[in-house]
Structures are given as C-alpha cells and as structure tokens.
Amino acid sequence: MRIHAIELHRIGMPLVRPFETSFGVQTSREVLLVHVRTDVGDGWGECVAGVDPFYSSEYVSAVEDVIRSYLAQALLAGPIGGAAAVAPLLRFVVGHRMAKAALEAAILDAQLRADGVSFGSHFGATRDRVDCGVSVGISPNIPTLLDEVQTYIDQGYKRIKLKIKPGWDLEPVAAVRDLLGAGGLLQVDANTAYTLDDVAHLRELDAFELLLIEQPFVEEDIGAHAVLARAIETPVCLDESIVTTSVAVDAIEQGATSIVNIKAGRVGGYLEAVRMHGACLTRGIPVWCGGMLETGIGRAANVALAALPGFTLPGDTSASDRYFAEDLTEPFVLEEGTLPVPTGPGTGVTVREALVRDWALRDPLVLR
Ligand code: OSB
Ligand code: MG
C-alpha cells in the first residue's frame, strides 16, 4: 500500500451541553481529522486529543505538529505493509499515541474499504449491537444533575457514569443512586482528582454499590491505585494510566485495576486496543470501551471495538445526539440502550465532507 497524501482537517463542533470534568469545562469539540489518500482508496481517522493538555499530555496542536514534523514522512516515504505496519514504522517517535492512533485508523479505513471488510469483522466482533452507557458531567447543582440523568434514563441508556471531584462526589452519587434504584448500573470517574490522602473519603463510596471508580489518582501512580483497591470494596478501573498492553498487564498483576477502560486513541490505535482486549480476556479482566466525545467517525470504530467478547460492561459509546446537534456522519441512534455495529467496509460510515468544510477552523494541511 502506498500513501499519496495525508490531509489534516481541524474542525470545531459545538456540544449540545457543556461537559465539565475535574480537569475543566468543554463547550465544543475541536477535533483533528486525518484523511489519507492511498493507491487503494481513501480513509478517515479521528484524533481523540483535546484542545488543551488537561486529560493527557497530548493536545490538538501538538498532534498536528508531530504528524507534520515526524510521523507523516515515515508513512509517505515508500510503500507500507498496510495498517499493521503503521505502529512499527512510527515507533521511532516516543509516545504521541493519539497522533499515531489517528493515522493508523485512517489507513485501516482505507485498507478495509478496499478489501470490503468492516472494522467489526477485522477486530473479531461477536455482537451486532453494543450496550451503551452515558458519561454525565459535573453539574451546577443536584437538581440539574438529576434532570440530566433522568433524560438519559428515559432515552434508555443502560449505565450512568458520573464525573466526580473533591466537593462533588458523595452527595451527587447518593442522589443518583436514589433516582436509579438499587439495580441501576452506576459508576464514577475522577479523572485523577484525588490523592492517597483521600482513601478514607473514597471508602464512603462503597455504600452506593458502584460498578467501579475510574482513575482516582494521577496516571503515573499505579501503585497508589493498588493501595486504594485493597482499602475499598468498589472496583478500581484505570483509564489515563493504561497506555499500552504491557502497562495494563502490570497494573492488573499489581492489583491496581480489576476492570480496564480501553480507549484506542490513548493506547496508540485500534490494533493495540484489540491486543489489550485479548490480554484482559485471557486474565478474566472485564473491559469496556471509553469515549472521548468522538464524532461519528471515531464512534463507528469504537462501537466495532466494543462488540468484542471481553467488552462485558456498557461503554461510553453514546448516541450522536448526546454530543452534537448534527454529526459528521450519519447519526448513531440509540435503540433499547444499544447502538448497531456498522457492517459496511472500513468504519462503515460516510464522512459528510461538506460539513468538514463548513466546520473547518482553518484550511486543511496537506502532507505529501
Ligand atoms: O475520562 O473518560 C474520560 C471525555 C473526554 C476526556 C476524558 C473522558 C471523557 C468522558 C466522555 O468521560 C466519554 C464520552 O461520552 O465520549
Ligand atoms: Mg475516564
């Protein structure tokens, strides 16, 4: 396979409601799209990096720069052995996994479209629909939070995830547990907002029968999560910390994570995400598909990933209308709390290129 050009599109899409986490408030999704033109056809990939380096050290401008300055040339220099060759070819650059993941996704899309194979069948999907949860941001107050959660319950979401931080944890969790009743699936995500000094406080969450607590401590402190996991009953689940399959295996063996959130962008691509799923499945560790407020492009690929057999918990794979008034592809519509796994070649969705132009924040950068 030969890559003729890599086009980087930077676009802005307003969110239907602000999304607040322990690291900040987002009112729009500024997203970098990768469009590859190859000898077998075109492909699209979405980069999950945020506009600021607050969730991860990577951010949109850094992604653009590392692709332009280093990664693109390695792919444009000569023929490559398809999407499976991308990660090895890009290994000379340390980190920058979100940038690498977006390039690999675009090349995989081009390759599988040419082969007439869907992402789902390429990954080894065993389901044609996936169970969906929804990630609920920090609210100005509890009544507003309960209104938002109620609309998601009415829409059919199978699991609620609440963003928490010090000062917004026990009360909102108690209120939502009341609203859901004893059987409702509920989990929390701290995005690194706590420290080991908070163990006694976090133990109070045990009263609410949570599925898990996601990433309470900073990403490098895997040992601290093992300490917490021994001190509380709520299962600990890592997100930010899990950047490769070997890190996931180490964290599992240390007892730092008994459930894993898999995000393809964070781990350097869908192919690494599939390997991580396999390593977790072998060890009996349940996984679920995280989200990064993706457009239909990333969502299509996430839903395909979430259809693998080890994804036994509902993912942050919500419907298009949870994020955007209009999506970049045909919208994903929730039905009985599930989304369909696309069956067409590649991602199986069509990028609405007129919207990519309308929502562009600047001219595309074309690398040859
Ligand atoms: O920690 O899972 C996270 C969004 C942006 C950055 C980090 C996270 C999230 C979410 C949203 O929780 C998940 C989604 O609905 O896409
Ligand atoms: Mg998270």
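Author: The bridge partner of H35 is W44 in β3. The strands β2 and β3 pair in the antiparallel sense over seven bridges, where pairing requires that DSSP find at least two bridges between two strands. The model is predicted, so local features need pLDDT of at least 70 and side-chain atom pairs pLDDT 80 or more, whereas totals for chains, interfaces and linings use all residues. Residues are numbered from 1 along each chain as written, chains are lettered from A and ligands numbered from 1 in written order, and side-chain values use heavy atoms, without hydrogens or water.

Strands (E, at least two residues) and helices (H or I, at least four) are DSSP runs numbered from the N terminus. The open sheet has four strands in the order β3-β2-β1-β13, with antiparallel pairing. Because β3 and β13 stand at the edges with a single partner strand each, one side of each has no neighbour in the sheet. From one strand to the next, the twist averages 25°. Helix α3 packs on the sheet, touching β1, β2 and β3, and its direction makes about 150° with that of β3; contact means heavy atoms within 4.5 Å, and angles run from 0 to 180 degrees between N-to-C directions of axes fitted to C-alpha atoms, for helices over the stretch in contact.

Helix α1 also meets this sheet: its buried residues pack against β1, β2, β3 and β13, as well as α2 and α3. Among these buried residues are V63, I67 and L71, buried meaning under 20% relative accessible area (1.4 Å probe, protein chains only).

Technical notes:
Buried means under 20% relative accessible area, exposed over 50%, partly exposed in between (1.4 Å probe, protein chains only).
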